[in-house]
Amino acid sequence: MCGIRFLCSLATRVQLCYNTHMIIKSLLENTIHEKAYAKLNISLDVSKPRADGYHDMLMVMQTVSICDDVSIRLNNTGRFHAGTGLPFIPGDERNLAVKAAKLFLQETGHQDMGAEIRIKKAIPVGAGMAGGSADAAAVLRAMNRSFNYPLDNAALLKLSEKAGSDVPFCVIGGTALAQGRGELLTELRPLPDCRFVICKPDFSISTPELFRAIDGIRLRTHPDTKGIVEAIDAGDLKQICRRMYNVFEDVQDRRMKTVSEIKRKMLAGGAEASIMTGTGSATYGVFSPEADTEQLCRELKKEYGFCVYAKPVGKLI
Ligand code: C5P
């Protein structure tokens, strides 16, 4: 009886080893593809800096349809590189996609492997749309799927925190309340159907710089985050729009004048609400799905260089 049990467990182990060997063989021969969706802040609130230098956040986040295309080719070199074709984006570990790939392979016991990552960027850089975090999240989702889910969702999210504060939300996607550094997530009901017009002026705002600046000012007001969460639960777009606010817009910086100007144009063009996302500089308007925003989008693109139309996207895992 004992002998039979031993033989069965040996056979199972041999089968598992064979399966892993076949998965890795196929991964080395094939390219993995994944879409990296951007995020918008429906609201953003910040408290005083913590002992670790980070700030506690209270944000409602939404995944949107504008996305980068990420492809990953695994290799046996133990080296990592990410190519975007953009000279100002690093290809080494400063790139969150590389950091994520390395973290995943270490965590799952494949530290001898490396990865060549190609990213076709559509998400504007330095926009507050979590482009780098979205790429890292896409790497984590794609690798976990390709290795046949060695990490469950909770373990994948825990690992993603090490890549950056916005990465956990970008892994899950959809609509969520984010707290702590941004890694403590509460899933919310999907946003009522709407459209976004997203405009990015031709300057970026450094995230650490803006966090330092906000520490030095007294905030005029805070978003009604509880009210937004309740309005999302009730599926009431008008009540969500009435409460949308990003405290970073309070920072007295000449660049915020451009943000205000874009907001005014969004509202004049029929937006229900308009705010800056994250630490900017992208600024967006919320419109009803029936609104005709083509001319507004054309004008904003002509004046500021970048303007796109996007839709909300639901959960990704
Ligand atoms: O976590 P991540 O690397 O994305 O953060 C980038 C920078 O943004 C941090 O070094 C910190 O200056 C600032 N930050 C913060 N509080 C947060 C998130 C980011 O102060 N909750």
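Visitor: Where is Ala130 placed in this structure?

Guide: In this predicted model, Ala130 lies in the loop between strand S4 (114–120) and H3. Its phi is near 60°, a positive value in a residue other than glycine, and because buried means under 20% relative accessible area, Ala130 counts as buried at 12%.

Visitor: Is Asn148 buried or exposed?

Guide: Asn148 is exposed, with a relative accessible area of 55%. Asn148 also has a positive phi, of about 65°, although it is not a glycine, and it sits in the loop between H3 and helix H4 (153–161).

Visitor: How should I read the packing of H2 and H3?

Guide: Two packed helices are described by the angle between their axes and the distance between the axes. Here the axes of helix H2 (residues 96–107) and H3 come within 7 Å and cross at roughly 30°, which means that H2 is roughly parallel to H3. The crossing of H2 and H3 is right-handed. Among the residues that meet are Ala97, Ala101 and Phe104 in H2 and Ala136, Val139 and Met143 in H3, and the residues of this contact comprise ten nonpolar, three polar and one charged.

Visitor: Where is the cis peptide bond?

Guide: The cis peptide bond joins Gly280 and Ser281, with omega about 10°, and Ser281 is in the loop between strand S9 (273–276) and strand S10 (283–287).

Technical notes:
Residues are numbered from 1 along each chain as its sequence is written. This is a predicted model: local features need pLDDT of at least 70, side-chain atom pairs count only at pLDDT 80 or more; totals for chains, interfaces and linings use all residues. Side-chain values use heavy atoms; hydrogens and water are left out. Axes are lines fitted to C-alpha atoms, for helices over the stretch in contact, and angles run from 0 to 180 degrees between N-to-C directions. Helices (H or I, at least four residues) and strands (E, at least two) are DSSP runs, numbered from the N terminus. Angles under 35 degrees count as roughly parallel, over 145 as roughly antiparallel, 65 to 115 as roughly perpendicular and the rest as oblique. A crossing is left-handed if the near helix is turned anticlockwise from the far one by less than a right angle, and right-handed if clockwise. Contact means heavy atoms within 4.5 Å. Ala, Val, Leu, Ile, Met, Phe, Trp, Tyr, Cys and Pro count as nonpolar, Asp, Glu, Lys and Arg as charged, and the others, Gly among them, as polar. Buried means under 20% relative accessible area, exposed over 50%, partly exposed in between (1.4 Å probe, protein chains only).
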